[in-house]
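Biologist: I would like to go through this model step by step. Please show it, and I will ask as we go.

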2 protein chains.
Amino acid sequence: MAAAAQMVEIWRGGLLESSHAGHAVICDASGTVRESWGDPDAVIFPRSSCKMLQALPLIESGAADAFGLTDAQLALSCASHQGAALHSGAVARWLDGIGLGEADLRCGAHEPYDRTARDLLIRSDQAPCQYHNNCSGKHAGFLTYTKHIGAGPEYVAPDHPLQRAIKDAFEEVTQIPSPGFGIDGCSAPNFATTVQGLARAMAYFAAAPETGSARDRAAYRLTRAMAAYPEFVAGEGRACSELMRAMGGKVAIKTGAEAVFVAILPAQKLGIALKIVDGASRASEAAIAGLLVRLGVLDAQHPATLKRLNAVQRNWRGLETGITRLAPGFA
Amino acid sequence: MAAAAQMVEIWRGGLLESSHAGHAVICDASGTVRESWGDPDAVIFPRSSCKMLQALPLIESGAADAFGLTDAQLALSCASHQGAALHSGAVARWLDGIGLGEADLRCGAHEPYDRTARDLLIRSDQAPCQYHNNCSGKHAGFLTYTKHIGAGPEYVAPDHPLQRAIKDAFEEVTQIPSPGFGIDGCSAPNFATTVQGLARAMAYFAAAPETGSARDRAAYRLTRAMAAYPEFVAGEGRACSELMRAMGGKVAIKTGAEAVFVAILPAQKLGIALKIVDGASRASEAAIAGLLVRLGVLDAQHPATLKRLNAVQRNWRGLETGITRLAPGFA
């Protein structure tokens, strides 16, 4: 088992202040590792980076079509959104449209990351609700599937038909049995896999043909929905939205808690998965940007790239403090 | 140079999800390393963990006594506070008392970490001011010194008499020349040193007699002020305040950005310094708690300890998700 590779460095005053190591794999459509750093076999929780895998049953089952879901809704089903009005409103209308409501969600409530939405709640003395949870779009997809197949309301229970369907799909596209699951922040089971397994799943999505099997078509559609609606996948100012926009809708990417990041590159038929071992998102964002630049799909000088990599960091008074850059030998 | 030692592990669903490595040193009053993990000679920026060193000139110069500063104000001069009314109000009154105001600060403004203060600003459509900056107490001390010696207003400039005095004191108590400085979040120079150098400084503070040299008396007084007024050093819910309270005022501890933590143990005449290489505060808080438990000054079962170490983590719905614990072989 290889040690984690140094990936991202935080410099201040000409000295290295902090550093981040991780594992990364670039996989092609045959499941072959093209390049890797650290240990491709490291077991990780994909967390929210695998939401497009968790959305496969929604489409494959026919539920998405039965309820006439739009591509924007499919993007939202793969989202870690920031609870802006755009997101919470869309989830509310979605659930209303299938005859369900906020109380049917099982994701829990947290303060929206979106400042405008947050301040609006505070000014009106309202508590955040489950619509604001960053995973509420995924859960709307979960409820749509559950309603379609007529299953019970506790859709995050590991033995619920939905979670069993997700596990099957997850293991098939990662091409490796999951060694176990954890309970995610949103209460859904999150299946573990290897970095290589996750990259293999992304390469599958990248290569899935529009007119193949039901799963191929679902993967094709989810990838295009994410890339076409970056604002639904995360939100203003966020890495997923900004970097997907910077790549002009040609690549789908997704972050996960504890510093996981994945990318689906349809033109190249490549998939990427990476995990920073310490769980720092600043590092996973810099690392994925570095790999996307390396593969020629992201402009190193785009403001969305420079926000995360190789640009001077500034403090509260705007003074230069340091720089975030890739470690020598990585990407 | 030794590699960083594994210190803190984040577990989920029975699997290791993330981990944190770092350097730590326990030093005695003679400057001898009692125990160490990782590389004692690793160069780090102490960031806010060295605020008690930055406060030495304030007392040694006679400025603190000339302006009649209380122990609560001295604690605030060593604080990374959360901008609660307690903190911002005390800084406002302090500056008013020495004939200065908010515009004289050079720390910049940021939203207070304290939720009540934050919500109050949002509800009243007010922007945060420099009083809310977590370093405003340190800067009030800086201004008090500057006023006392009649120096110019740009007190964070590296060649300002205050910063030169801080550098001299810093190098004397760390017993090693500083290899350079960075600009901190609050715009003050932050001098680099080794983990051992920082631990040596903390051991000096721990052993400083009440009736020794001007510096000894300053170090003695700052240590007691911090331990006696934990709520001024950080705030409700924060590690410094809660853990100092849990130790009954017998130990002074201080966090710094990018996962530095120090402790001053007067009864044992020991100093601790640690740095998590990836900069994650959740890990530096767990690691310092582990070392304080190991040294017998913190109860492993105290709620303040369990908030950071060996207690089950829960998600937005209160479900168990995992546990944060020390890595095997550390503390």
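Modeller: A cavity here is a set of grid points where a 1.4 Å probe fits but cannot get out. Keep in mind that the model is predicted.

Biologist: What is the volume of the largest cavity?

Modeller: Rolling a probe the size of a water molecule over the atoms shows where empty space is left. The count comes to two cavities of 30 Å³ or more. For the largest cavity, the volume is about 50 Å³.

Biologist: Which helix gives the most to the lining of the largest cavity?

Modeller: The lining consists of B:Gln54, B:Ala55, B:Leu58, B:Ser77, B:Lys138, B:Gly141, B:Phe142, B:Tyr145 and B:Leu162. By class, five of these residues are nonpolar, three are polar and one is charged. Four residues of the lining come from the helix that gives the most, and that helix spans residues 136-149 of chain B: H7.

Biologist: How many charged residues are in the lining of the second largest cavity?

Modeller: The second largest cavity holds about 40 Å³ of space. Its lining is made of A:Lys51, A:Gln54, A:Ala55, A:Leu58, A:Ser77, A:Lys138, A:Gly141 and A:Phe142. Helix H1 (51-54) and helix H7 (136-149) of chain A are the elements that give two or more residues to this lining, and H7(A) gives the most, with three. Sorted by class, the lining has three nonpolar and three polar residues, and the number of charged ones is two.

Biologist: In chain B, which residue has the C-alpha nearest the axis?

Modeller: The axis in question is that of the 180° rotation that superposes chain B on chain A. In chain B, the C-alpha nearest to the axis is 2.5 Å from it and belongs to B:Arg123.

Biologist: What percentage of the contact residues of chain B recur in chain A?

Modeller: Contact means heavy atoms within 4.5 Å. The same surface serves both copies, and the share of chain B contact residues that recur in chain A is 100%.

Biologist: Which strand gives the most to the lining of the second largest pocket?

Modeller: This pocket has a volume of about 950 Å³. It is lined by 41 residues, and the closest to its centre are A:Ala4, A:Ala21, A:Val277, B:Gln6 and B:Ala21. The lining divides into 22 nonpolar, ten polar and nine charged residues. With eight residues, the element that gives the most is E2(B).

Biologist: Which residue stands opposite B:Val8 in E2(B)?

Modeller: Strand E1 (residues 5-12) of chain B runs antiparallel to strand E2 (residues 15-28), and seven bridges join them. The two form a hairpin with two residues between them, and B:Gly13 in the turn has a positive phi of about 50°. In this pairing, the residue opposite B:Val8 is B:His20.

Biologist: Which residue of E3(B) is the bridge partner of B:Ala24?

Modeller: E2(B) pairs with strand E3 (residues 33-37) of chain B in the antiparallel sense, over four bridges. Their hairpin has four residues between the strands, and B:Gly31 there takes a positive phi near 85°. The partner of B:Ala24 in E3(B) is B:Trp37.

Biologist: Is B:Thr193 buried or exposed?

Modeller: B:Thr193 lies in strand E7 (residues 193-194) of chain B. Beyond four places in sequence, B:Thr193 touches residues including B:Ile44, B:Phe170 and B:Leu198. The cut-off for buried is under 20% relative accessible area. B:Thr193 has 2% relative accessibility, so B:Thr193 counts as buried.

Biologist: What is the relative accessible area of A:Ala203?

Modeller: A:Ala203 is found in helix H9 (residues 195-207) of chain A. Leaving aside neighbours within four places in sequence, A:Ala203 is in contact with A:Cys27, A:Asp28, A:Ala29, A:Leu270 and A:Gly271. A:Ala203 is buried, and its relative accessible area is 1%.

Terms used:
Residues are numbered from 1 along each chain as its sequence is written. Chains are lettered from A and ligands numbered from 1 in the order in which they are written. This is a predicted model: local features need pLDDT of at least 70, side-chain atom pairs count only at pLDDT 80 or more; totals for chains, interfaces and linings use all residues. Side-chain values use heavy atoms; hydrogens and water are left out. Two strands pair if DSSP finds at least two bridges between them. On a 1 Å grid over the protein atoms alone, a cavity is a set of points where a 1.4 Å probe fits but cannot get out, and a pocket is an open set with protein on both sides within 12 Å along at least five of seven lines; lining residues have an atom within 4 Å of a point. Grid points are joined across faces, edges and corners, and a volume is the space filled by probe spheres set on the points. Ala, Val, Leu, Ile, Met, Phe, Trp, Tyr, Cys and Pro count as nonpolar, Asp, Glu, Lys and Arg as charged, and the others, Gly among them, as polar. Copies are superposed by least squares on the C-alpha atoms of residues with pLDDT of at least 70 in both. Buried means under 20% relative accessible area, exposed over 50%, partly exposed in between (1.4 Å probe, protein chains only).
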